[in-house]
Every structure is written in C-alpha cells, then in structure tokens.
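Here is a briefing on one structure.

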Amino acid sequence: MTTLERAVGAGLTRVEGAAKVSGRARYAGEFPLDRLAYGWPVQATIARGRVTAVDIAAGERLPGVLAVLAHGHAPQMSADAEPELRLFADDVVHYRGQVVALVVASTLEQARAAADALVVSYFAEEHEVELTRDHSRQYAPDTVNPNMPADTADGDLDAAMRTAPVTVDRIYRTPAEHNNPMEPHTSTAAWDGDHLLVHDSTQGAYPVRQTLAQLFDLPPDAVRVVSEHVGGGFGSKGTARPNAVLAALGARVTGRPVRVALSRQMLFALVGYRTPTIQRMRLAADRDGTLLGVGHDVWAQTSTMQEFAEQAAAPSRMMYSAPNRATSHRLARLDVPTPRWMRAPGECPGMYALESAMDELAVELGMDSIELRIRNEPAVDPENGLPCSSRNLVACLRTGARMIGWYRRDGLPAARRSGRFRTGTGVAASVYPARTSPSTARAIDLGGGRFRVEVAAADIGTGARTALLQVAADALGVPTGQVDIRVGDSDFGQAPVAGGSMGTASWGTAVHQACRRLRDEGGSEARSDTAETIERQRELSRYAFGAQFVQVRVDTVTGEVRVPRMVGVFAAGRIVNALTARSQLLGGMTMGLSMALHEDGVIDTEFGDYSNHDLAQYHVAVNADVQRIDIAFVDEADDELNPLGVKGIGEIGIVGTAAAVTNAVYHATGIRVRDLPIHPERLREAAG
Amino acid sequence: MTTSGRGRAANGSDEPGDLTPITAPVTLHVNAGEHRLTVDTRSTLLDVLRERLDLTGSKKGCDHGQCGACTVLLDGRRVNSCLVLAVAVRGRAVTTIEGLGGPDSLHPMQRAFLEEDGFQCGYCTPGQICSAVGMLDEAARGWPSAVTDQHGSSSGGDEGAGGDEGAGGDEDPGIPLDRAEIAERMSGNLCRCGAYVNIVTAIERVARGAGSPSGGPVP
Amino acid sequence: MRPFDYRLAEDTGSAGVPTDGTILAGGTNLVDLMKLGVLQPATLVDITSLPLDFVQEEPGGGLRIGATVRNSELAAHPAVRERFPVLSQALLAGASGQLRNLATTGGNLLQRTRCPYFQDVTKPCNKRRPGTGCPARDGDHRNLAVLGASPQCIATHPSDMAVALRALDARVQARTPNGQVDLGLDELLMLPGDHPEAETTLPAGSLITSVTVPALPPGCRSVYRKVRDRASYAFALVSVAAVVALDADGCIGQVRLAFGGVAPRPWRASAAERRLIGAPASAEAFRAAVRTELAAAEPLPRNAFKVSMLNELVVTVLAELTGTGAGGA
C-alpha cells in the first residue's frame with residue numbers, strides 16, 4: 001500500500017470551482033436546445049375557490065404562442081402523486097399564486113406577455129390565511145416531518161410546572177420564511193418518443209426521476225434527470241417542483257423542448273417555505289438549575305392541498321434531561337401555499353424557542369447561561385434512552401466561551417450603558433440529527449491509473465462533489481487528480497436527496513464502498529448499495545452539536561441592531577474538507593443572522609398571499625450585515641456513524657443562531673424579543 | 001363572488017392590445033466579439049446574453065435589479081444587465097464574466113474567489129466577480145461609499161472640507177478599502193449561501209495587490 | 001411587457017420636446033415597472049444621448065446638474081462632496097453600486113413608490129387605477145406614509161437624493177409643451193389628495209433637463225442619516241437630511257430639515273425650522289421643534305413607530321451637527 005497523504009480532511013478548493021468563477025458552469029436553464037420554447041406559468045389571483053374559465057382560444061391566438069395548458073386542456077397525469085404536482089387535475093384553487101395555466105411560446109418575451117394577457121375567471125370564496133393558536137381549522141396531525149409522533153408525554157409536566165421553584169412559560173413566534181436560493185427553480189424538458197430528459201435545478205435528480213416517471217406513467221428508466229450544477233436550494237428543491245412538471249407537460253403538448261424558469265416572485269408560492277410558528281415553551285427547574293420539566297407546544301400551518309407538519313418541538317425531546325416532558329404539534333389547514341422544508345426544518349424554529357427559554361430560565365435563576373445547559377447535559381438520549389454515538393455540546397460551549405470572551409461579559413443585562421450604543425453577548429446551543437440514508441454508487445477503472453466515480457448526489461453549494469472526490473481518492477488509494485467524480489444524473493442510480501444533512505454521509509458511504517470494492521476485487525468497475533449496511537447499524541442516538549455565540553451592538557435611538565462578531569463551534573464528526581466545511585457553517589450562521597434580523601414573510605390577510613414577494617421587500621442579509629464570524633471544530637472520532645465517521649453540517653449552522661442574537665440583544669438592552677425578526681421598532685417600542 | 005381578469009391583471013383591466021413583437025437591429029460589443037442581431041425591443045441585455053449569445057455566465061436571480069446576479073460591466077461600469085434594454089446598449093462595450101477570464105486563464109479576481117472559497121453554489125458568483133472588478137475601479141477613482149464619510153460634513157468656509165481619508169491630492173485619489181468598505185460596496189450582490197465573509201477576503205486580497213493568499217481555512 | 005417602439009431622442013434645441021412616448025434614461029425604475037405590468041408604454045424615448053450629463057458651476061457657488069448625470073457620478077463629484085456633502089451621502093445611501101451607475105438625476109426624482117399594492121397589478125390601487133381603493137391602509141403599510149397622505153393613498157416617495165435636494169432648496173428645470181419651467185421640489189412633486197394618480201405637475205410630453213442647487217451659506221454643517229432594516233441596500237424606514245449653522249452666540253442661524261421614508265414626497269420640516277431659527281441650540285429646543293412638525297402625523301397601526309423613530313433620529317442628528325451634548329436615550 002502506497003503512503004499517500006489523506007485527501008479527506010484537506011482543504012481542497014472545489015472541483016467545479018474554476019467553472020463556477022469563470023461562468024462556464026451551466027445550470028438547469030442554460031442548455032441551448034434546438035427549437036427550444038418557453039413556458040410561463042399563470043398564477044391564481046384568488047386564495048380559495050375555483051377556476052370557472054380560461055380563455056384558451058384567445059390565448060392560443062396571441063403572437064408566438066404554441067400552446068395554452070389549463071384544467072381540461074392538459075395531459076392527464078397519474079392520480080398517484082403529490083397534489084402540488086398534479087397540475088391542472090381539477091379546477092380548485094387552494095391558495096393565491098397556485099398555477100392555473102401554462103403558456104408556451106417561441107420566445108421568453110412572448111410567453112410572458114401572453115401569460116399576463118390570458119383571461120382567467122374565478123369563483124372566489126372567503127379565505128383564511130392567518131395562523132392563530134385557536135384556529136377553527138386546527139387539528140392534530142398523525143405524524144410530523146419526517147415521520148415522528150406529533151405528541152409525546154413523559155411524567156407529568158403540569159405538576160412539575162405547578163410545584164417547581166422556578167418556571168418559564170413563554171410564547172415565541174417566527175414568521176413565514178422563504179428559502180430564496182439565488183437560482184430560481186428552472187427546468188428544461190425534452191421528449192424523445194416516450195423518453196423524457198429534464199435538466200432540472202434540484203437537490204435530488206434520482207427522486208425527481210422517480211416522481212416524473214410516476215406522474216407520467218412511465219417506466220423509471222424512460223426518464224432521465226440531469227442536475228450538474230444547482231444554484232442553491234435550502235430545502236425548496238428537495239422534491240420535484242411544479243417547474244419540472246410544467247416543462248414536461250409543455251414539451252409533451254408542443255413536441256418541442258420547453259424551459260420553465262420560475263420568476264423570483266413565483267417562488268413565494270410554488271416551492272415551499274418555512275411555516276410561521278407559534279411556540280409555547282414551559283421550563284420547570286430547581287433553584288440549582290436542574291430541569292424538572294420541559295414543555296414545547298407548536299402551532300403551525302399547512303395548506304388545504306397537502307399536509308406538511310414542521311417538527312419544531314423535536315429538539316426539546318432530546319436536548320436536555322428532565323423527568324417530565326410534554327411536546328405537541330397542531331396544524332391549521334389554511335388557504336396558503338404548502339409549507340415544506342427550509343434549512344433545518346424543525347430544529348431551526350424549535351431551537352429558537354428552546355434556546356430563548358433556556359436563556360430566560362438562566363436569568364430567572366441568576367445563573368450563567370452556559371452552566372445551566374451543562375448542568376442538564378443528559379447521559380443518554382432523553383427521547384428514547386439510547387446512548388449517544390458522540391455528544392460534545394459541552395466542549396463546544398466551553399470552546400466558544402473562551403473564543404468570544406464569555407466570562408468577560410457583564411453579569412447583568414443592560415449593564416453596558418455607554419450612551420447611545422449598547423453591546424451584549426448571547427449564547428445558544430445548536431443541534432442536528434446525523435443520519436445516513438441508503439445510496440448506490442459506481443466506481444470505474446479507466447485504465448492508466450485513472451478512475452471515474454458516479455453517484456446521483458447533488459452539490460447545491462455544499463461542496464459535496466469535492467468531498468466525495470476526496471472520499472473516493474482515499475478509498476482507491478490514489479491522488480485526487482486521478483479521479484473524475486460525476487454527480488447530478490439520475491442515470492447513476494438510486495441516491496438520496498441533498499437534504500437532512502445526510503448527503504456526504506450517505507453518498508460518501510456508497511462511494512467509499514464502491515471504491516474499496518474496486519480496489520480490493522479488481523475488475524473494470526464495482527457498484528455499491530449501502531441499504532443493508534445501514535439497516536445493520538446499531539440503534540443509537542446520532543446528532544451533531546454546536547454552540548453559537550453572538551455579539552450585538554444596538555443603537556438605542558434607531559433600534560438598529562448590528563452584529564460585529566459571531567462564533568460557532570461545532571462537533572460534527574470527521575470533517576472531510578476543511579475549506580468547504582467552514583464555508584457551510586459561515587453560510588448557515590449567516591442565514592441564522594438573517595432569520596434573526598431581517599426575514600419576515602408578511603401574509604396579506606385581504607388577498608391571501610405573501611405581500612412582500614420579491615427580494616427588495618423580503619430582506620435577506622446583505623454583505624454589510626455580516627462582519628466577523630469565527631468557526632471552530634471540536635474533533636470527534638465517532639465509529640458508530642458510517643465508515644467515514646461523518647455527520648452532516650449543512651443545516652446545523654442555522655440552528656440556534658437566532659436565539660443567540662436575541663439573547664445577546666437581551667443582554668445589551670434588557671429587552672427580550674420573542675417575535676422574529678428583530679425589527680428596529682420592536683426594540684424601540686419595548687424601550688418605551 | 002366571481003372575478004375575472006387577465007393572467008396577472010385585476011378585475012377587468014385594459015385589453016392587451018397588439019402583442020406582435022416589435023424588433024430592432026442592434027450591434028452588441030460583448031467581450032472581444034461583435035454581434036449583429038435583431039432583437040425584440042423588450043429583450044433585456046441579460047436575456048440577449050443568455051438566450052441569443054449563449055453567454056450564460058451572467059445569471060438571472062430576480063430580473064428586477066434586486067439581487068445583482070446579473071451584474072456585467074458596461075464601458076467598465078458595473079450595472080444590472082436585467083434592467084438594461086438590449087436596444088439601449090448602443091455602442092457601449094459589454095464585459096461579462098466570460099470576458100474576464102476562462103477556467104484556464106483566470107482573472108486575478110476569479111482566482112481569489114476560487115482560492116478563498118468565496119462562493120458555494122456559484123450562482124451569484126459571476127455577478128459578484130464582475131461587481132468586484134467594477135467596484136475596485138470605482139474606489140481607485142476616488143469614489144466614496146456610504147461608509148467613507150462617517151461624520152457630519154461642512155459646506156466649506158473656515159470648517160474645511162468634509163473629511164474622508166485618502167481623497168484629494170494629485171497622487172492617488174483611491175479610497176483605501178477595508179472590510180467595511182468592501183462589504184458596503186458589495187451589498188448590491190446578494191449571496192443566499194452566505195459566502196460573504198470569504199467574498200470580502202477574496203476582494204481584500206486583490207485590493208491589496210494580488211499578494212499572497214490569506215493563509216487558507218482559519219480554524 | 002407589451003411591445004414598444006424604441007427611439008433615441010435627438011437634440012433639436014429648446015423646441016425639441018418628446019411629446020409622445022415615455023422617457024427612458026437609466027431605466028432602473030421604468031424597466032422594473034414595465035416587467036411588472038404597472039407601466040405599458042407604447043414608445044420609449046431614450047434621452048441618454050442628449051447633452052444633459054453635465055455638472056456646471058452656477059454664479060454664486062451653486063451647481064447646475066444635468067438630468068442624465070448618473071447617480072454614482074454625482075455622488076462622487078468633487079464639488080458635490082465638498083459643497084453639498086448631504087447630497088453625496090444621500091445618493092450613496094440609496095440602492096446599490098450597480099443601480100447608482102445607471103440611475104439618473106431626473107429618473108431618481110421621478111421614480112415611483114415602492115408600495116407593494118402599487119407594484120402588484122393583481123391588486124387594487126388608487127394611484128395605479130383610480131377608484132379601485134387603497135388596500136394598504138388595512139394591509140401591509142409598515143413602509144408607508146405617516147405625513148402628507150390622504151384617504152386615497154398612503155404611498156411614500158422612495159428617493160434619498162430627493163430628500164437632500166429638498167433640504168438644499170434645489171430647483172428643477174424642465175421643458176414642457178407650454179414652455180420652460182423652473183420649479184421647487186414641492187412645486188414639482190404633488191401630494192396625493194383626491195388624485196393620487198397625479199404625482200407631478202409636469203404635463204405629458206415634458207422633459208426635466210436640469211436641477212440647480214444654490215450654494216449654502218458659509219459655516220453650514222450637513223448630514224444625511226437613514227434608518228433601515230438592514231445595513232445596506234434597503235429603502236428608508238425614516239431618514240433625514242439636515243443642514244445647520246450656528247451663530248457666533250451659539251444660536252441657530254441656519255437650519256434645513258427634510259424627512260424621507262414618511263411621506264409621498266420629501267417632507268420639508270418648515271414648522272420645525274421656524275421654531276429653531278434664532279433659538280439656542282439645545283436638546284430641548286430640538287425636541288420641541290420636531291414634535292411640532294410631527295404633530296401633523298397620521299400614523300397607522302403598523303407604521304406608527306416612524307413618528308417617534310424620526311423624532312429621536314432628528315434630535316440626535318441635530319445634536320451631533322451642533323456639538324450639543326449626547327442626544328438620544
């Protein structure tokens with residue numbers, strides 16, 4: 001065996017980096033095809049009711065129009081599919097912005113103009129779009145995302161709350177948040193007989209292939225989905241989206257390749273988003289900070305079309321030990337677009353509430369916020385009693401505390417009265433499940449010491465492609481320069497979506513196995529299927545943990561909050577690529593900062609849509625909002641995860657950040673923000 | 001209650017009128033090439049670059065000048081190409097990301113972004129890089145930003161001119177670019193992946209004069 | 001977008017006024033609104049070839065700024081930075097570097113409101129379609145007006161530059177079908193009243209050619225401050241352009257105050273100014289004057305915060321400019 005420097009762990013620049021920085025990387029809407037036509041969706045302008053007529057004939061007479069699709073005038077698709085994708089199946093409108101027609105034309109300008117001119121008639125009904133705790137359309141879902149019980153109960157939380165010496169009982173709210181990847185969802189579809197090829201912007205080429213095959217009643221291998229470069233997703237491209245279906249329908253009807261590129265405004269209705277949440281946190285504790293009870297109740301919304309239940313109370317089931325615990329989720333079925341995954345669904349909004357409540361408890365107790373968490377560090381997973389494969393939250397807290405100078409901060413909130421500007425420091429814990437999902441991969445010996453590895457993974461900016469290259473090179477025992485890694489093609493076989501932070505772990509295990517098999521057994525190629533390996537995994541509690549620290553500077557005259565420094569320390573197993581891992585966490589924390597300070601989906605109760613449906617009105621963090629962010633890793637060698645020892649890091653960065661910000665604001669001003677985002681006026685109002 | 005309206009229009013809005021495209025000839029100078037085209041007057045420079053010239057490096061992030069992903073250089077000035085009508089470009093020189101450099105001949109700004117990992121999904125990246133190149137030129141010409149003049153400035157007379165560092169004099173009018181200056185000047189380029197920290201580092205490196213890399217990943 | 005004719009305006013002297021068509025200068029607002037379907041011109045007249053991109057000295061130390069001067073050029077112009085720093089700061093506080101490179105003086109003045117209902121053609125809007133109603137009053141109005149509004153319309157003017165120009169007593173020169181006009185900003189930009197669809201007093205076929213900014217008296221200190229939801233690239237929640245000069249005895253000799261983000265046009269705080277002229281510079285005097293000005297405010301539930309936020313901001317800015325103690329809480 002040759003002694004090679006290990007590729008895994010090194011900070012390799014991205015394999016596709018030169019292509020991306022020179023504008024040569026092609027995304028889904030950038031493949032020139034002969035006779036390409038353009039599809040422009042038409043969206044419902046009522047929030048609830050029915051489409052009574054679409055003037056198809058007039059639409060088809062407009063210049064450049066090749067076809068107009070609508071209910072009753074579009075190919076039938078299988079009933080055995082997600083309602084959001086069964087476009088034009090009926091005349092029911094479930095939310096404002098729902099696609100009710102598609103115009104296909106020879107040029108982009110003509111498609112757009114014709115879509116704007118298409119006459120659609122509706123019968124409108126009264127709609128309900130505002131989430132409340134006592135909504136008449138509220139119900140208890142059977143399960144919450146991905147597949148957990150909606151309610152849990154251990155011991156008697158009510159009794160603990162009645163008898164404990166110190167309690168916290170608070171409501172926290174987060175608004176609707178929109179993923180808004182920089183690349184709007186785009187698909188280009190072309191039929192060749194009964195074969196369908198789609199260039200799609202997706203987090204999972206293989207699942208999209210399966211979905212499209214099902215929708216169009218095709219054998220799966222008649223469909224190919226290619227997604228080499230994806231301009232971000234953050235969950236919104238985690239399943240097939242209407243753009244893929246519309247492009248396929250348009251191409252079917254016109255007999256030409258059709259591209260459907262959603263506009264930025266359309267994303268606010270058509271690709272999922274994070275539901276708003278109302279969360280009640282109850283904590284009961286002894287005077288020494290030992291938790292006696294944890295209660296977390298969540299109210300969220302779903303659409304009338306499909307159920308999605310965000311599991312915001314999930315982290316309260318396992319973060320801290322307590323003998324009494326109760327969690328619940330209730331959904332209101334509103335006339336709104338269907339919520340779906342947005343970076344760290346469940347953990348992200350849930351930890352905002354939990355970590356804020358823990359901070360409030362620390363204040364009630366007169367106890368250091370970090371010590372409170374350490375005091376309640378569980379020995380086994382409180383949710384199921386299983387041992388943890390590795391849990392280094394305490395190390396993260398202590399390391400971060402040192403880095404930011406935690407113990408130099410003033411003990412009392414609002415103590416820093418230096419005139420107009422107040423500074424403060426806050427802390428919050430971070431967590432995300434570490435899952436590995438079955439995947440397949442193929443390793444090919446090209447001869448001459450060169451290899452190709454194929455896996456239907458997705459690199460949506462995570463650096464997965466590069467990480468997998470490093471895994472492959474090490475498993476093959478060759479330098480990275482001798483391996484050609486290919487991702488983003490459903491023809492490469494089953495692979496899970498880039499989601500749940502399980503990409504590198506899942507695909508990496510498959511790549512590792514295929515490469516080892518090739519190296520050990522020889523031959524021209526080797527395949528792997530990790531389903532059995534994963535099935536045989538020991539039953540353990542597997543999570544990545546982190547600690548986030550934030551320094552804020554509040555202008556008490558204007559209420560504006562600036563964040564001069566953030567520190568994130570993460571214990572996330574083996575880090576495959578030091579360069580891209582740091583970038584992932586910088587990105588997650590930046591999105592968490594954005595969540596705390598800016599992001600606010602404003603529901604318009606009169607019209608039923610998100611009123612601020614563009615990037616000028618829905619604010620995401622800009623460059624000037626971000627100052628210094630320090631990232632550190634706590635080394636973890638965990639043999640119980642997967643052969644690579646990898647936990648995911650794509651989502652943990654956003655978990656806890658918002659609470660660290662609001663906790664810092666409390667420290668700076670004495671004002672507790674329980675209602676995101678921190679608009680300047682909320683700080684000024686509370687200051688009186 | 002029944003309502004009826006055009007695709008996007010509210011109740012009973014005006015007739016669309018004749019939607020037959022109106023076209024015009026244009027000659028576009030893009031990177032090293034000259035292109036004679038007939039374009040729909042509605043076509044933006046961005047759409048002509050992407051759909052007609054297969055220069056897909058410039059990206060459509062919002063199509064309304066709100067994200068900067070479409071940034072190109074027009075006579076060396078950074079602009080949002082999604083708001084520039086192709087017919088209105090006229091004789092001005094268009095430089096796109098492809099014109100700055102290719103994968104085997106990277107422009108120093110492209111190389112800095114690559115080595116500092118100033119990108120993740122890469123979709124905002126061409127716009128970031130074109131914007132950064134344009135921005136450095138603006139700073140070199142002494143253009144201030146919102147963070148350059150921080151203090152209440154006077155109108156002249158015995159108080160003297162409003163203070164800003166680095167300006168004035170015939171030698172070097174350039175504004176020194178610290179991280180705060182770079183961040184402010186680059187705020188017209190959104191990055192949802194949150195690569196801002198490394199974007200600023202990459203630009204800082206080029207602004208300092210294509211010196212040594214920053215030292216790689218910082219623990 | 002509907003199809004349109006595009007033509008380049010040629011300078012035919014003072015008689016040459018484009019009587020048909022919509023003016024295209026930088027396009028940053030016009031093209032945006034055309035894509036939204038809010039504006040559907042049949043003809044665009046591109047004026048960027050006209051000789052209107054000058055910045056000239058006026059006798060007395062003022063400046064005459066051509067209508068097609070780009071915002072970025074104007075903000076960086078040495079004479080503007082030196083003599084009218086509030087104007088430079090206001091320009092730099094607005095939009096992004098890319099937008100400032102396209103946007104022009106004239107276009108910036110005439111830009112339309114960013115009210116979400118005005119911009120969404122699927123919703124009613126009295127300004128865009130008279131008589132259809134103003135859903136903003138009961139809807140998403142956090143960013144809309146607390147001064148100068150009417151029951152028909154609560155839109156705000158989004159420009160930062162215009163606020164500074166208002167404080168500087170700038171005047172706008174335009175060619176109209178009826179001859180040349182020279183207007184103060186309050187004579188150019190209208191309040192909505194019963195006709196929010198009428199935003200300027202210029203008749204159709206007019207062309208703004210320049211803006212003149214008279215010299216400030218010596219000894220004036222000025223600043224533009226903007227409060228917004230993020231550190232950059234966002235419209236103002238509230239903003240102020242302030243110009244102040246003290247007399248030898250510490251009383252206020254000169255004061256100009258204009259507010260942004262709160263009204264359908266830049267709001268000149270004349271009532272506050274009248275109270276301040278001649279008064280000793282003090283936090284109490286500032287507070288009383290601004291309170292007088294804002295007494296006319298008509299806040300709505302979700303934008304009421306603007307009144308006190310603006311109040312505190314102005315008091316703080318005046319304190320800074322006059323070196324009078326630490327303003328603010």
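Two strands count as paired if DSSP finds at least two bridges between them. By that rule, strand 2 (residues 23-30) and strand 3 (residues 33-40) of chain B pair over eight bridges, in the antiparallel sense. The model is a predicted one.

**Hairpin in chain B**

- Strand 2 and strand 3 of chain B make a hairpin, with two residues between them.
- Asn31(B) sits in the turn and has a positive phi of about 55 degrees.
- Pro25(B) has Thr38(B), in strand 3 of chain B, as its bridge partner.

**Interface of chain B and chain A**

- Chain B gives 67 residues to the contact, and chain A gives 81 residues.
- The two chains bury about 5900 Å² between them. Carbon and sulfur atoms give 55% of that area.
- Three residues supply 14% of the area that chain B buries against chain A: Gln120(B), Arg192(B) and Tyr196(B).
- Seven salt bridges are counted between chain B and chain A.
- One salt bridge joins Lys59(B) to Glu30(A), with the closest N and O atoms 2.8 Å apart.
- Several elements of chain B give two or more residues to the side that touches chain A, among them strand 1 (2-6), helix 4 (125-140) and helix 6 (196-209).
- By class, that side of chain B has 30 nonpolar, 21 polar and 16 charged residues.

**Open sheet in chain A**

- Strands of a sheet pair through backbone hydrogen bonds, either parallel or antiparallel.
- In chain A, seven strands form an open sheet with mixed pairing, in the order 3-5-1-15-12-13-14.
- Strand 3 (65-70) and strand 14 (223-226) of chain A are the edge strands, and each pairs on one side only.
- From one strand to the next, the twist averages 20 degrees.
- Strand 14 of chain A pairs with strand 13 (residues 195-200) of chain A in the parallel sense, over four bridges.
- Leu196(A) has Val223(A), in strand 14 of chain A, as its bridge partner.

**Helices across the sheet**

- Helix 3 (residues 108-117) of chain A lies across strand 1 (37-43), strand 3 and strand 5 (99-105) of chain A. This helix runs at about 20 degrees to strand 1 of chain A.
- Helix 6 (residues 242-254) of chain A lies across several strands of chain A, including strand 12 (186-192), strand 13 and strand 15 (258-261). Its angle to strand 12 of chain A is about 35 degrees.

Note on methods. Residues are numbered from 1 along each chain as its sequence is written. Chains are lettered from A and ligands numbered from 1 in the order in which they are written. This is a predicted model: local features need pLDDT of at least 70, side-chain atom pairs count only at pLDDT 80 or more; totals for chains, interfaces and linings use all residues. Side-chain values use heavy atoms; hydrogens and water are left out. Contact means heavy atoms within 4.5 Å. Buried area is the accessible area (1.4 Å probe) that two parts lose on being put together, summed over both. A salt bridge is a side-chain nitrogen of Lys or Arg within 4 Å of a carboxyl oxygen of Asp or Glu. Ala, Val, Leu, Ile, Met, Phe, Trp, Tyr, Cys and Pro count as nonpolar, Asp, Glu, Lys and Arg as charged, and the others, Gly among them, as polar. Axes are lines fitted to C-alpha atoms, for helices over the stretch in contact, and angles run from 0 to 180 degrees between N-to-C directions.
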